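Hi everyone, thanks for coming. Let me put today's structure on the screen, and then we'll walk through a few parts of it together.

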Amino acid sequence: METISNGTKKLPILNNKIELDVDAELKSFELEQMAALGLEPGKEHWRDDNPTKFMASQRAHTTILISGLTMAHDFFLQGALRGIGYKVQAIDCPDNAALQMGKEFGNRGQCNPTYFTVGNLVKYLTWLRDEKKIPVAEIVGNYVFVTAGACGPCRFGTYVTEYRKALRDSGFEGFRVLLFQQQGGLKQATGEAQGLEMNPKFFLALLKAILIGDVTNALAYRIRPYEVVKGATDEALEKSKQLIHDAFAEPKKKSLVWAMLQTRRNLMNVKVDRTIVKPKVSIIGEFWAMTTEGDGNYGLQRFLEQEGAECDIQLVTAWILFMIWEQRWDTKQRMVLKKDDTARKGLAGKNAQKKLAMLWVAEKAIRGIFQTCANIMGLHDYHLPDMDKVAETASPFYNNHLRGGEGHMEVGKLIMNVKFKKATMTLSVKPFGCMPSSGVSDGVQSMVTERYPEAIYCPIETNGDGAVNVYSRVQMMLFKARLAAKDEYQKTLEAAGVTPEELKLKLQKSWWKRSALWYPKHGTVAAMSSNVAQQILS
Ligand code: SF4
């Protein structure tokens, strides 16, 4: 028989075709590589034996610490979990002191969010020990920390190990860190879940806290830039957040719907002037870095507002929708394989159609609950992203199969911001040491901005120091954005043949359109003032 060599062995040729058993070839390559790396089958791998036991009997004296989203989310989650019987404490937003602790006790070469979040926990426990004089044994015995984690190509998969290392080195050996996996629900490393009961009540409480937190934040970022009396929005928000928190925490005494309606009333009383010309800045980038509201991104949202911009933030709900999209996409890819794959997430023994149907239901439920909360609280005309559209928009530049960080979302969002005039400027926050985010911001987005030269795009790196450099870079791009917003507003008014004063007079005629809760429908322009003009003058 005729044969050909592939360098290591001879392959038979039949009818002018090389007879190749791809699966066998892959297996032999895998074994070769494992041997080269000293990972022969049967070898015992290193495991971090985390202490993770949190039993139901410990619930009454155990405080669950949480942190990691925006201040509103953490506060509402605290209330929601208290309301279903847990002792919960939200830790403060991570600051530079937390970063220093993270760097002191963490491994070298971590990404910036790891240092901030790990250091924040160490900082809090150190405060309990040194300021509140609680003995370490009591801290270890009476507190647990719940955090997110995931397997994936970025450091998110190693967060829990980082926490363990830093806690060990800072004197809190044995402190329990429970993992709320990005995919796969809540899982304790031991497989036990007695302390935290993963029942529908628990997940519903989490979901409501997250969605209501999102609606609260979206309202705040819409209203604050246009408030007439400085500080009025924050004052209304603080009152409202406390009401929502208390309603979550005492469901038998207080009504959550009433608290949400009260929030609507409080915010409606804030006087606004939406004809002030401000560029709309869409903040995208790595999930934690764009979400946090403290030193982790140099307080970027507040800085942008101080500099005269309106922030368009990404909601946590969008991230949940992205996770559903990932599941749907992967399932559809697996459905066309030659045979069902038996990997952990494979379809072998599962009903793919049923899985797709459940994902469809989950997405509809999340969108439905969000919309209900939005309607009650007065967040009008807010459109959650269509994840298929984001994926399709990004796909010519970034493969939809790639995961890690925000995946293709960052690319899709930038293009959509430009193409559909969703924002005047796009600011991408990429943490120092983050591979997925740096790859996108420094690599792929350069190509995108070549193709869309009208984009005002500003990627910034957050590493904890260098705030002045970041601020000055943002200010330079904001200068361009401000000019673009002014130009857009003038052209919109010119096209309608009215002056800014005439527009204001028209706006004064409707109490609803003057109110803080009115939001103009998105037209063919980006900035708020231009959209107001388009809608009022159409
Ligand atoms: S996406 Fe980047 S910053 Fe975020 S956890 Fe992964 S490596 Fe770290």
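Which helix does Gln445 lie in? Gln445 belongs to helix H16, residues 435-451. This is a predicted model, where local features need pLDDT of at least 70 and side-chain atom pairs count only at pLDDT 80 or more, while totals for chains, interfaces and linings use all residues. Residues are numbered from 1 along each chain as its sequence is written, and side-chain values use heavy atoms, with hydrogens and water left out. Helices (H or I, at least four residues) and strands (E, at least two) are DSSP runs, numbered from the N terminus.

Back to Gln445: its relative accessible area is 0%, so Gln445 is buried. Buried means under 20% relative accessible area, with a 1.4 Å probe and protein chains only. Leaving out residues up to four places away in sequence, Gln445 touches Ile284, Glu410, Val411, Leu414, Val440 and Tyr457; contact means heavy atoms within 4.5 Å.

Now look at helix H20, residues 528-537. Here 7 of the 10 residues are buried, among them Met528, Val532 and Ile536. What covers them includes strand S10 and helices H17, H18 and H19.

Finally, find the open sheet of 3 strands, ordered S1-S2-S3 with antiparallel pairing. S1 and S3 are the edge strands, each pairing on one side only. Two strands pair if DSSP finds at least two bridges between them, and S2 and S3 have 2 bridges. Across that pairing, Ile13 stands opposite Ile18 in S3.

Conventions. Buried < 20%, exposed > 50% of the residue type's maximum accessible area, 1.4 Å probe, protein only.
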